[in-house]
Amino acid sequence: MSEAPNRWDHDVEVMIDAERIAARTRELGQEITAFYKNSPVCVISILKGSVIFAADLVRALDLPLSMEFVGISSYGNETESSGVVQITADLTRSIEGLDVLIVEDIIDTGLTMRYLLENLATRHPKSLRVCTLLHKPEGARVKVPMDWVGFTIPNAFVIGYGLDYAGLYRNLPYIGVYRGPTSED
Ligand code: IMP
């Protein structure tokens, strides 16, 4: 998997299909709705990977909520996080005194989330909670709080439903393990 894909005839093993994602998102929506009990929530979706999950999750929340986005780029190679994180797009409003829910696509080493939590905490929200669609516990290098987890998965590099490999495959409606192009040239 050393070269970036430039073709669409990929070989992907489906890990979590669209129906399971939708069912789990509905469950998470009910749990989060019950937790916040009608209080306003600022949902922060982490760009770019969590956008598709966040779009579905907020529609499962029966709460007064606003949406914000934080763009993150982490240095490292394509399939491994270095933990050195840069904010590429910042919030458009203050989160001081707000109940904030961070929505992330995947927590692997935990380094990105640790950075984000530390950064957002300096802005004095009333509360800061985390909902991640996926968690890869085998990759953990630091412990980060996770209030809601969609699926705990094995240590494979996954794509689809927002997650990319070299910028591609975010639009797959399922989560799968990328096996490379279907055929060799
Ligand atoms: P962490 O800092 O190692 O926890 O990784 C967090 C970020 O790395 C995520 O927000 C993703 O952008 C990316 N990432 C980690 N694992 C995967 C994967 O299996 N597929 C796609 N992106 C991943």
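Strand β5 gives the most to the shell around the ligand, with four residues. Helices (H or I, at least four residues) and strands (E, at least two) are DSSP runs, numbered from the N terminus. The model is predicted: local features need pLDDT of at least 70, side-chain atom pairs count only at pLDDT 80 or more, and totals for chains, interfaces and linings use all residues. Residues are numbered from 1 along each chain as its sequence is written, and side-chain values use heavy atoms, with hydrogens and water left out.

**The chain as a whole**

The secondary structure comes to three helices and nine strands. Along the sequence they follow the pattern β-α-β-α-β-β-β-α-β-β-β-β. The chain has 185 residues, and buried residues make up 45% of them. Buried means under 20% relative accessible area, exposed means over 50%, and partly exposed lies in between (1.4 Å probe, protein chains only).

How many of the nine residues of strand β5 are buried? Nine of the nine, across residues 99-107, so β5 is largely enclosed by the rest of the structure.

Strands count as paired if DSSP finds at least two bridges between them. In general, strands of a sheet pair through backbone hydrogen bonds, either parallel or antiparallel. Strand β5 pairs with strand β2 (residues 41-47) in the parallel sense, over four bridges. Here I44 stands opposite I102 in β5. Strand β6 (residues 127-135) also runs parallel to β5, joined by eight bridges. In this pair I107 stands opposite H135 in β6. From β5 the chain crosses through helix α3 (residues 111-121) to β6, and this β-α-β crossover is right-handed. Right-handed means that, with the strands pointing away from the viewer, the path from the first strand over the helix to the second runs clockwise.

**The ligand site**

The ligand has 16 residues around it, and D108, T109, G110, T112 and V158 come nearest. A residue is near a molecule or strand if one of its heavy atoms lies within 4 Å of it. By class, the shell has seven nonpolar, four polar and five charged residues. Ala, Val, Leu, Ile, Met, Phe, Trp, Tyr, Cys and Pro count as nonpolar, Asp, Glu, Lys and Arg as charged, and the others, Gly among them, as polar.

| Residue | Atom on the residue | Distance to a ligand oxygen atom |
|---|---|---|
| T109 | polar side-chain atom | 2.5 Å |
| G110 | polar backbone atom | 2.9 Å |
| K136 | N or O atom in the side chain | 2.9 Å |

Taken alone, the ligand exposes 490 Å², and the protein buries 87% of that. Accessible areas come from the Shrake-Rupley method with a 1.4 Å probe; for residues, only the protein chains shown count as cover. The elements that give two or more residues to the shell are β5 and α3.

K136 lies in the loop between β6 and β7 (148-152). Is K136 buried or exposed? K136 is buried, with a relative accessible area of 5%. The side chain of K136 also reaches the backbone oxygen of A156, at 3.0 Å.

**The three-stranded sheet**

An open sheet of three strands has the order β1-β9-β8, with antiparallel pairing. β1 and β8 stand at the edges with a single partner strand each, so one side of each is left without a neighbour in the sheet.

Strand β9 (residues 175-181) is mostly covered, with five of its seven residues buried. Strand β1 (residues 10-16) pairs with β9 over five bridges, and I16 stands opposite I175 in β9. Strand β8 (residues 158-159) pairs with β9 over two bridges. V158 stands opposite V177 in β9, and V158 is also among the residues that come nearest to the ligand.

V14 lies in strand β1. At 45% relative accessibility, V14 counts as partly exposed. V14 and I159 are 145 residues apart in sequence and 9.5 Å apart in space, C-alpha to C-alpha.

Methods:
A polar contact is a pair of N or O atoms within 3.5 Å; within protein, one must be able to donate a hydrogen and the other to accept it, and residues adjacent in sequence count only if both atoms are side-chain atoms.
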